[in-house]
Amino acid sequence: MDLALFFPLCAHFQNNLGAMFGKKQDSSDTKRIPPYGSPIASSSKKNGTIRPAYVIERYAAYYPMNHKRRGMALIFSHNKFNVPNTPLQVREGSSVDCKRLKDTLELYGFDVKVYQDFKLEEIKAVVRDVSSMDHKDNDCILVAVLTHGEDCDYVYAHDCTYDLSTIWTFFTADNCPSLAGRPKIFIVQACRGNKLDEGVKVQRDGVARYSIPTHADFLFAYATLPGFMAFRNTTEGSWFINELCKEMKENGHKYDFLTLLTFVTQKVAYDHESVSNIPEFNMRKQTPCVMSMLTRLLLFNVV
């Protein structure tokens with residue numbers, strides 16, 4: 001059990017909790033608000049045919065990770081917000097996550113770009129520009145979103161909430177042909193609702209040619225399950241990003257990425273538990289959630 005005092009500071013609880021405790025606490029990345037939809041990127045597919053930058057053998061077990069460059073990593077980090085009629089608390093501790101993730105990804109050879117407190121249209125402009133680039137010499141692409149979140153995969157930009165599909169659909173095989181057949185990794189540190197996990201006590205006794213689905217080769221790693229809160233320490237950062245970076249540094253070249261994420265889930269689920277004087281938030285757990293459409297094993301080679 002952690003020695004620090006843990007409890008989630010959702011935006012609608014934070015003012016009351018702040019008055020009760022003088023020291024910095026853990027926070028959660030959630031705020032309830034009616035969703036605000038965003039348009040999805042238009043398709044660039046012509047005549048039902050996409051032209052990937054390369055084609056590998058159909059049943060190859062591993063993604064080729066020996067291109068000239070590892071690829072780009074985009075980090076959209078949100079600490080402060082200005083959403084009309086929706087007061088959102090500052091995400092204290094998020095800067096720790098951002099730096100830790102940036103340093104870890106650079107160790108893997110990623111070209112890391114950090115975008116701090118961007119508005120939705122600015123975010124869309126970035127992903128639109130990146131998706132239109134030629135990625136033929138890149139192994140993959142990674143996008144991380146560190147922010148407040150809601151149910152149904154809605155997350156917050158600086159000025160409004162938006163559906164995550166607003167950004168990831170820019171990178172489908174029809175919209176970004178040069179990344180067709182290559183890993184597209186999305187890491188999301190945000191709440192996905194307001195539920196709390198009470199937990200339970202356990203006692204010990206390139207040659208072939210073939211069609212590529214437009215939505216293949218995506219991997220989504222979420223900090224928590226749909227509908228649940230994600231914890232973030234105001235000084236040490238979030239449980240999920242912390243464990244992810246530790247696993248990548250220690251075992252990233254040893255295990256494929258899905259196996260690595262399994263161990264991240266293990267560490268978050270077993271090694272972390274909230275502690276609070278408020279019963280509702282005491283001894284709460286968190287379980288990361290991974291959704292994979294990868295078609296091969298993803299193993300990062302040593303750079």
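Predicted model: local features only at pLDDT ≥ 70, side-chain atom pairs only at ≥ 80, totals over all residues.
# Reading strands, salt bridges and cores

User: How many bridges join β7 to strand β8, and what counts as a pair?

Analyst: Five bridges join β7 to strand β8 (residues 218-222), and the two run parallel. Two strands pair if DSSP finds at least two bridges between them. The elements themselves are DSSP runs, numbered from the N terminus: helices are H or I with at least four residues, strands are E with at least two. Residues are numbered from 1 along each chain as its sequence is written, and side-chain values use heavy atoms, with hydrogens and water left out.

User: In what order do the six strands form the open sheet?

Analyst: The order is β3-β2-β4-β7-β8-β11, with mixed pairing. β3 (111-116) and β11 (289-292) stand at the edges with a single partner strand each, so one side of each has no neighbour in the sheet. Neighbouring strands are turned by 10 degrees against each other on average, direction ignored. For such angles, axes are lines fitted to C-alpha atoms, for helices over the stretch in contact, and angles run from 0 to 180 degrees between N-to-C directions.

User: Which strands pair with β4?

Analyst: β2 (residues 72-77) is joined to β4 by five bridges, in parallel. On that side, Ser77 has Leu146 as its bridge partner. β7 (residues 184-189) also pairs with β4 in the parallel sense, over six bridges. There, Leu142 is partnered with Ile185.

User: Which way do the side chains of β4 point, and are they buried or exposed?

Analyst: Start with the general idea. In a regular strand the side chains alternate between the two faces of the sheet. Now this case. Ile141, Val143 and Val145 point one way from β4, and Leu142, Ala144 and Leu146 point the other way. All are buried. Buried means under 20% relative accessible area, exposed means over 50%, and partly exposed lies in between (1.4 Å probe, protein chains only). Six of the six residues of β4 (residues 141-146) are buried, so the strand is largely enclosed by the rest of the structure.

User: Which strands does each helix lie across?

Analyst: Look for contact, meaning heavy atoms within 4.5 Å. α3 lies across β2, β3 and β4, at about 175 degrees to β2. α5 (residues 239-251) lies across β4, β7 and β8, at about 140 degrees to β7.

User: What makes up the largest nonpolar core?

Analyst: In soluble globular proteins, nonpolar side chains tend to be buried together. A nonpolar core is a set of buried Ala, Val, Leu, Ile, Met, Phe, Trp, Tyr and Cys residues joined through side-chain atoms within 4.5 Å. The largest core holds 40 residues, and Leu105, Phe110, Phe257 and Phe300 touch the most other members. Two or more residues come from each of β2, α2, β4, β7, β8, α5 and α6 (257-271). α5 gives the most, with six residues. Leaving aside neighbours within four places in sequence, Leu105 is in contact with Ala73, Ile75, Phe110, Val112, Leu142 and Met248. A second, separate core of 30 residues includes Leu74, Tyr115, Ile141 and Phe171.

User: How many salt bridges are there?

Analyst: The test is a side-chain nitrogen of Lys or Arg within 4 Å of a carboxyl oxygen of Asp or Glu. The count comes to eight. One of them joins Arg70 and Asp139 (2.9 Å, N to O). This pair links distant parts of the chain, 69 residues apart: Arg70 is in the loop between β1 (26-28) and β2, Asp139 in the loop between α3 (120-131) and β4. Arg70 is buried, at 5% relative accessible area. Asp139 is buried as well, at 2%.

User: Where do Lys99 and Asp103 sit relative to each other?

Analyst: Both are in helix α2 (residues 94-107), about one helical turn apart, because four residues separate them. Lys99 is exposed at 54% relative accessibility, while Asp103 is partly exposed at 29%.

User: How many disulfides does the structure hold?

Analyst: A disulfide is a covalent bond between the sulfur atoms of two cysteines. The test is a pair of cysteine sulfur atoms within 2.5 Å. The structure holds zero. Cys140 is buried, at 0% relative accessibility. Cys152 is exposed, at 64%.
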